[in-house]
Amino acid sequence: MIAPPKPDLIPVNIDGREIAVPKGTNMIEAARLAGVDVPHYCYHSKLTVVGNCRMCLVEMGLPAVDPATKAPIMDVVSGKQKINWMPKPTIACATNAVPGLHIRTTTPQVKDCREGVMEFLLINHPLDCPICDQAGECKLQEQATGYGRGYSRFIEDKNVKPKRTQLGPRVTLDDERCILCSRCIRFCKEVAKDDVLGFTDRGSYSTLTCYPGRKLENNYSLNTVDICPVGALTSTDFRFKMRVWFLKQTPSIDTESSVGANTTVWSREGVIYRITPRQNDAVNDTWMADSGRLLYRAVRADNRLTAVRAAGTDGTLEPAVAAAAALLRLGSAAVVGSGRSTVEEQYLARRLAAAVGAGAHLVARVGAGDKLLISADRNPNVRGALLTGLIAALPEPQLTGLAAEIDAGKVKTVVSLGEDLVAAGITAAQLAKVKVIYLGTHANATSAAAEIVVPTLTVFEKQGTFVNQQFRIQKFAAAVPGPAGAADDLSVLAKLIAAVDGPAVQGEIHGVWTALAAAIPQLGPIAYRNLPSGGLLLDGAAWAHLAFPEGETLHHQPAARPA
Amino acid sequence: MPEQRRIIFQHIDEPGYAPDLDCYRRHGGYATLAQAVRRKPEELIDEVKKSGLRGRGGAGFPCGVKFGLVDRKSGKPIYLVVNADESEPGTFKDRYIIHQDPHQLLEGIMITCFANNVKAAYIYIRGEFPLGAKILERAIAEARAANLAGPNVLGTGYSCEIYVHRGAGAYICGEETGLIESMEGKRPYPRIKPPYFPAVLGLYQCPTIVNNVETLCHVKHIAAIGGEAYSKIGTPNNTGTRIFCVSGHVRRPGYYEFEVGKITLGQLLNEVCGGPRPGRKFKAVIPGGSSAKVLRVGERYKGKRKVGTEMVDYDWGIEDIPMDFDSLAMIGSMGGSGGVIVMDDSVSMVEALGNINAFYAHESCGQCTPCREGSLWMKKITARMVHGAARAEDGALLKSVADQIAGRTICAFGEACAWPTQSFVLKFGDEFKAYAEDRKASPPDAPALV
Amino acid sequence: MNLKPATLQQIEEVIPHYPVKRSAALPLLHLVQEDQGFISPEAIEWIAAKLELAPVNIYELVTFYPMFRQKPIGRRHIKVCRTLSCALMGSYQTCAQFEKQFNTYRGEVSPDGEVTIEFVECLASCGTAPVVMIDDELHEKVDSAKALELAVKIKAQAQGK
């Protein structure tokens, strides 16, 4: 028994197929829901509709009614209501669902419209494919192949425009390739709120320009490169580095702040080439900040830790773990977890702390939120630490509590999971009083002074989950393998727990989740592999009384502060 | 010879007639406004509906219907924008109203504003009429001083300011939504319709009426004599008078006001305008501004048309076509702006098309793909042909490019730039072919048009 | 910006004509160009700031509309209509005559700095073709011979200065 459509859904007909869509759905989206591709350039689901590329022209019809009585006029042959087809085609992006709207996308007229628009777009377009970064992900290439005529009749001279303009520090512009869709202008004005791009001159000589003397340098400038359908706007960092069809795409999360913008990491043979946003309409739409895209440079930074270090051992993992366990069994230990660790790591950190009777600390990172996709909390996963019980209150930027305990002689061993204690306020003198076990990715003052150093993996080299400011748990996967000397964080923590005679726990993700699910009721019914790609919203009510630092960003309104 | 009926142009070129308020009043000016503001606004709209007045800017849209479409429920202010951008090649009538009889326009504006409860009126005057802008500003100042415009018009409590707003040299500002974008201080990119119909979402997203200068003058006369009486002037569905602007290769080019449909093209060109230049024969006529499809002398137009209640056969040569909107549309062209451009046998039609294509390529705003790329492509093809590198297939290519533009664009500029090419190639295909075979296809003393 | 007091006053008067400040962009550009002779980068930024817009919003307009120029021109501005009706009556020869008389090419400032000649599109006076605008004045039926007369007159007026 097919359930009747919900009352707020509107029936439309795409190429003979009936579907019901929410009010306000345009015909490109409706067609997508019906499995029909309507090619387009200027339309973008997160920007205002301008209807200037004309590629999405389709035939439209409405049910025929008697003008006087409003009674439906029936077609005697088919027995169905007659459809009045408009003689002129209409743009699908600007046509919103009304009951009974019919769309045809496979007629000769629509085919001719598409071939015409494709031909027009290509007549002044330079033959740059062999040297253009966009090749392989270029809408012009895709739609020319899918909907173009396949040959050009243009024998005149093409327009010449500026070809290699540095629009700003991260974006390069080639005006000859630009098809004047205006997506970049609309993005800068409507989303980034930095009205710096515009069209100069007119007609076919119209040229995308940044105001002379100004630059496209806002922290969202690279989104224009993502949404540019052609190779006009390209990333200067990525220029000429790699053909996109060689790259593997891995879903990841931007760790720049608690927004948890969804990303895609593009890599080949263990090397990361670029990061782009991944669509999540509940978190970051189709955007991310430029600063988050640069984080992959840390993978091959000069100060990357690559060797296990423990006095009196041969530099392999097992002896180092044994040495660490020996230190911890002496008691008087503290665990400094991280807001940048995954939920799974924080859970194991809590288990480790419990096993050795250690207190747990976290380091806060607070900055100014930009009201868009960088929140005031520059840790991506403080809420994971709350969820797993590693901490019960919001962390402070400085480890004053731990410093006091060290001075009082109550703490003699500190396990730091990637946090630089010196930067968090532990003085050199205090550092000298304790023995540090450092699990982390990059060298710093703490790792230099540590007794035992175990290199671990960056977010790009492991898998796990973070809980963002919305209390949404989102998972990410490993894009590239870690360096030879690094160990997986979960594996090391599990080994440590075993070595201090703690209750056995699996050192890999699925096993950890079994334990997590048992410990945290909210995660009860879910297996790691079943976490949806768009994340899962958890209930943050238990922590509603805490004064989270985040203000408003895209898709996040901070809850009213408790009285 | 048919007689002109100069209703709008009654005082144009009249010796001693000045553009100031005193002169206008001495000739009975503003008496109609004084009466109109004592009537109910809906009555005035009704008169315009009854009159059958169709827009004189080019589209020929029924003015009463336009008033009826205005959204009066939204609570937003209603604006009137006067389209004084007169830029359609071949058209030169609004110029004379503005420069010589501005108060006629102002009176038509005020009556229209009162009838539609308009909050403010803007006269968008093309930048190339700098003196006209000054004349209008002086006239507005005079009118305001006499309480004929501005606050509390004639003591009625109704207020409406009129402002002059100068354009800066863009034909696309004559398109109503391009005009509105230009008025808002943006690049004049026409808006997509739906949803941006000016009557609902116009200037500042408020309900807006956009009317041509001549049309608003007709509104004044409709208010004076009544819609019913006006509807008896001209011909059914093509009522009133209109000003025909004849230019090009006739002996007496100029402006002539006739009842719509009561003069044929032949009478206009041969009797009124004195026929072709000495030693020449007519070759082609564009009857409604350069966007209109060209007519070839010697063509025949046959079919059936409705006269009264009956369907009647017609079999016309170019000279028999009645100059009204419906007849010109019926035979495959349009009445448009009333600009009649005449070409004689000295003209190369390929060069003429080259000139027209260069105009549209230059004026295309560039917003949407088919017009932006297609108009320049067509210009490049005709330019190449004129400069000696024509190919046999160029005529067909031109038509194919034009076919890919018309009907696929945001605004009517698509049709405007496509129709000339389509019609020139269709009707003068022999000349296009000849250019490929022999470069010297143009007549020996042909004017350089490209 | 070194605008004359009269210009500044007109600017202040025109802005309130519109409920949205941005609409005053075109009027301000006309006023500034009349005052300065052309639109400089400084003028673009001044107008943008005055209307609370981004400079690119004004820059877009200056480059779209042919009547706005970003460089000074000759003392006299000769605009010859090139559209169909005027071309049919010989406007291309008219333009060539002006170019010859002033030894200059369209779009440039003549060597003596006196004129800039341009082709413009239809000036809406097709019945008296060919038409030419010199500064703000319309001249009708300007064939090659009349163009010569007008050029002579312009030169005479230049001498008289």
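In the predicted model, 47% of the 161 residues of chain C count as buried. The C-alpha trace of this chain spans about 50 × 35 × 25 Å along its principal axes, and its secondary structure comes to seven helices and four strands. Among the contacts in chain C with a separation of 6 or more, 55% are accounted for by residues 24 or more positions apart.

Chain C is also in contact with chain B, and this contact takes 34 residues from chain C and 46 residues from chain B. On the side of chain C that touches chain B, at least two residues each are supplied by helix H2 (25-36), helix H4 (55-64) and helix H5 (84-88) of chain C. Sorted by class, that side of chain C comprises 22 nonpolar, eight polar and four charged residues.

Chain B itself is divided into three parts, namely domain 1 (21-232), domain 2 (240-344) and domain 3 (349-437). The centres of domain 2 and domain 3 of chain B, taken over C-alpha atoms, are separated by 23 Å. Between these two domains of chain B, eight residues of domain 2 are in contact with 11 residues of domain 3. The side of domain 2 of chain B that touches domain 3 of chain B has, by class, four nonpolar, two polar and two charged residues.

With regard to the interior, nonpolar side chains in soluble globular proteins tend to be buried together. In the present model the largest nonpolar core has 266 residues, and those with the most contacts inside this core are B:Val81, B:Val82 and B:Met110. Helix H13 of chain B (residues 349-363) provides the largest share of this core, with nine residues. When residues up to four places away in sequence are not counted, B:Val82 touches B:Ile109, B:Ala121, B:Tyr122, B:Ile123, B:Tyr124, B:Asn211, B:Val213 and B:Leu216.

Terms used
Residues numbered from 1 in each chain as written. Chains lettered and ligands numbered in written order. Predicted model: local features only at pLDDT ≥ 70, side-chain atom pairs only at ≥ 80, totals over all residues. Contact = placed C-beta atoms within 7 Å. Nonpolar A, V, L, I, M, F, W, Y, C, P; charged D, E, K, R; others polar. Domains from an automatic or database assignment. Buried ≥ 20, exposed ≤ 12 C-beta atoms within 10 Å, placed from the backbone. Core = buried A, V, L, I, M, F, W, Y, C linked by C-beta atoms within 7 Å.
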